[in-house]
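Here is a short report for a first look at a structure. Please keep the sequence and the 3D view at hand.

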Amino acid sequence: MTKGSDLLRPAPSGLCCLPGDFTIDPVRPMPYAVITHGHGDHARPGHGAVLATRETLAIMAARYGEDFAAAAQPVRYGETISRNGVEITLVPAGHVLGSAQIVLRWKGLTAIVSGDYKRRRDPTCAPFEPVPCDVFVSEATFGLPVFRHPHDGGEIARLLQSVAQFPERAHLVGAYALGKAQRILCLLREAGYDRTVFVHGALATLNALYQAHGVALGPLAPATTETGDRFAGAIVLAPPDAIADRWSRRFADPLPVFASGWMRVRARARQRHVELPLVISDHADWNELTETFLELHPEEVWLTHGEEEALLRWASLNGVTARALSLVGYGEEEGE
Ligand SMILES: [Zn+2]
Ligand SMILES: [Zn+2]
């Protein structure tokens, strides 16, 4: 019988598909890379050929320049490419724009490398598509029972309440440049906030890229404009590191906000001097992880990176065969 380990094997360069002769999300330059999504820990420059969704390739070009790889091969969701007898299909992962699970079919075996994913609704990207499989390779970023992300609408309502309560202060919202920033903007618009949101320059390129792919973000303006009221009462979106540095001093009595799954941990919020922590994550929480394993019911679950111990224990109690790969080099976008 064909085993998962005949098809996929963890290596220092990433997850290698031996018969297909390619690596998924390689952490060092490889001749042929299949990339799940555009976050920097998964999509790195310098490979020979890169197979990914059109959106992921556009994100890589925006971040690294048009020559980020020797050759780029775009695929649509659901399209199948064959390489050395391995069929490769990309299906939505629900993580960020263009994010994909890599479905591999070979000799009757189906293995899925899901990259990063979440199961809840996100107005900025296609929803996670469950595909039956023998081996499901999963992240475990928030693989502890303490991580149960609340409804994102409730978190955005807390932000808007604070803006109403402190109209003399500038709300500086820290959000990762790819995915989180655009999701926050969409959630604000869905909540009826139609005022201009001011944006740090480091977020401008990806905001424009999302808009070019049909994601409406509403009225935006650069946060560099000098206004007399120093953005009192405004919402300003910035990369997480900017809200704590000199840049933030230009704003009226800044109120630091941070949107991340890690904001569930009070110590992390305090460490970053975050006054209003918002628990909004683009990663599956404990419930989403375990419910996905039960729904797909694969022969084996492989955990790539993150909090693996509690999930392994949960798996052994729930009749799921699981193993930890402990891959190195992933988890930076929310791992800090
Ligand atoms: Zn990611
Ligand atoms: Zn990741």
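The report covers the metal site, the nonpolar cores and the aromatic rings.

## About the model

This is a predicted model: local features need pLDDT of at least 70, side-chain atom pairs count only at pLDDT 80 or more, and totals for chains, interfaces and linings use all residues. Residues are numbered from 1 along each chain as its sequence is written, chains are lettered from A and ligands numbered from 1 in the order written, and side-chain values use heavy atoms, with hydrogens and water left out.

## The zinc site

Two protein donors hold the zinc ion (ligand 2): His-42 (NE2) and Asp-116 (OD), 2.1 Å from it. Donors are N, O and S atoms within 2.8 Å of the metal (3.2 Å for Na, K and Ca); water is not among the atoms, so sites may look incomplete. His-42 sits in the loop between strands S4 (32-34) and S5 (47-53), and Asp-116 in the loop between strands S10 (109-113) and S11 (135-140), so the pair ties together parts 74 residues apart in sequence. Helices (H or I, at least four residues) and strands (E, at least two) are DSSP runs, numbered from the N terminus.

Asp-116 also bridges to the zinc ion (ligand 1); the two ions lie 3.6 Å apart. His-42 is buried, at 2% relative accessibility. Asp-116 is buried too, at 0%. Buried means under 20% relative accessible area, exposed over 50%, partly exposed in between (1.4 Å probe, protein chains only).

## The nonpolar cores

A nonpolar core is a set of buried Ala, Val, Leu, Ile, Met, Phe, Trp, Tyr and Cys residues joined through side-chain atoms within 4.5 Å. The largest has 33 residues. Leu-159, Ile-184, Leu-188, Ile-235 and Leu-237 touch the most other members. Helix H4 (180-190) is among the elements that supply at least two residues each. H4 gives the most, with six.

A second, separate core has 28 residues, including Phe-22 and Trp-302.

## Aromatic rings

Rings of Phe, Tyr and Trp (its six-membered ring) pair if their centres lie within 6.5 Å; planes under 30 degrees apart count as stacked, over 60 as edge-to-face and the rest as tilted. The count is 12 aromatic pairs. Tyr-117 and Phe-136 are one edge-to-face pair, 5.8 Å centre to centre with 75 degrees between the planes. Tyr-117 is buried, at 0%. Tyr-117 and Phe-136 also belong to one aromatic cluster with Phe-128, Phe-293 and Trp-314.
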